[in-house]
Amino acid sequence: MSTMLGRVFIYGGRGALGAQCVAHFKSQNWWVGSIDLKANDQADANILVKHDESWIEQEISVLSQVQELLKGDKIDAVICVAGGWAGGNAASKEFVKNADLMWRQSVWSSTIAAAIAAQHLKEGGMISLPGAKPALGPTSGMIGYGMAKAAVHQLTKSLAGENSGLPQNSMAVAILPVTLDTPMNRKWMPNADMSSWTPLEFVADLFLRWARGEDRPPNGSLVHLVTKNFTTELHLV
């Protein structure tokens, strides 16, 4: 690990964005650990999360594996891109079921990522969490999703505050994309305006620059990714 330019854990490293992040950091000679339900063969190390374990059981398992891998070394960044989407209003038959799923996918993973950061980040390191622009307001047609993402926003702000448990001069940030240009989105929305979709490569490179300490937004920022005509800008919320 000493020959690498940096060390990062990607929580959700097997998903579309996570896999792009793993590949991009690896291409820049970083050591990359992937945390997900399935292994990413490109990563230097994999930590597998068991779907049937409780929140606490997942935390214990992930943290023990991280500690065993690092053996006291510190990391530059923790990037959580785990999550998912489910709809439903309060009258939906699967309202609570979907809300529970969204909490597991976004809040469990983000909270465990924060615990990793608190224990293993270098001073001046960074953690990024997966927010969502719609969760800044009402999400009547996808209440569970909105609740979970709003919790991630609050977690980001709390991690940026005093006595958060993160190392000195760390940065906590959340990205708020609208639509990412993923294979699944292309499959299910073939007629959509893809010029407004944010490329995965842009997001992965954004994470890399922040991990290097370059062009960082203020600590605690919620960063809205706005893409128009295939050009992406960052708007701080």
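1. Of the 237 residues of the protein chain, 49% count as buried, where buried means under 20% relative accessible area, exposed over 50% and partly exposed in between, with a 1.4 Å probe and protein chains only. This is a predicted model, in which local features need pLDDT of at least 70 and side-chain atom pairs count only at pLDDT 80 or more, while totals for chains, interfaces and linings use all residues. Residues are numbered from 1 along each chain as its sequence is written, and side-chain values use heavy atoms, with hydrogens and water left out.

2. The protein chain has six helices and 10 strands, these being DSSP runs numbered from the N terminus (helices H or I, at least four residues; strands E, at least two). Its radius of gyration is 17 Å, close to the 18 Å of the globule rule for 237 residues, so the chain is as compact as a globular protein of that length; the radius is taken over C-alpha atoms, and the rule is 2.2 Å times the number of residues to the power 0.38.

3. Asparagine 29, in the loop between helix 1 (16-27) and strand 2 (31-36), has a positive phi near 65° and, at 36% relative accessibility, counts as partly exposed. Asparagine 229, in the loop between strand 9 (222-228) and strand 10 (231-236), has a positive phi near 50° and counts as exposed at 64% relative accessibility. For context, most residues other than glycine have a negative phi.
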